[in-house]
Amino acid sequence: MADLHVVATIPAKPGFEKEVGDALKGLAAATQDEAGCISYELFESASTPGVFVTVELWESQEHLDAHMKAPALTEAMSAVGEHLGDLAIHPLKPF
């Protein structure tokens, strides 16, 4: 089975960029230790400050599904969820 590439865009509401960024830094560090995580990188958009982007590589859809239920993700979303705009998670397929 091929690895699963994922890109997520996570916009912070104006005025909450630091809180969201800090929560996502913690999430990124914890996620890198999760089973099936090959790579999990966090960026902030250079063209749209306050929009954070994760570039992820997972061993399988099952590992991504487990990540979506992981305590670190749940905690990060509980801490800053009300300060987020519309999240977009994009599992990618070869083209």
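Biologist: Is Ser45 buried or exposed?

Modeller: This is a predicted model, where local features need pLDDT of at least 70, side-chain atom pairs count only at pLDDT 80 or more, and totals for chains, interfaces and linings use all residues. Residues are numbered from 1 along each chain as its sequence is written, and side-chain values use heavy atoms, leaving out hydrogens and water. Buried means under 20% relative accessible area, exposed over 50%, and partly exposed in between (1.4 Å probe, protein chains only). Ser45 comes out at 19%, so the word for Ser45 is buried.

Biologist: And which backbone nitrogen does the Ser45 side chain reach?

Modeller: Ser45 sits in the loop between strand 2 (37–44) and strand 3 (51–58); strands are DSSP runs of E, at least two residues, and helices are runs of H or I, at least four, numbered from the N terminus. At 2.9 Å, the Ser45 side chain reaches the backbone nitrogen of Thr48.

Biologist: What is the relative accessible area of Ser47?

Modeller: Ser47 is in the loop between strand 2 and strand 3, and its side chain lies 3.2 Å from that of Ser45 in a polar contact. Ser47 counts as exposed because its relative accessible area is 68%.

How values were computed:
Polar contact = N/O pair within 3.5 Å; in protein donor to acceptor, adjacent residues only side chain to side chain.
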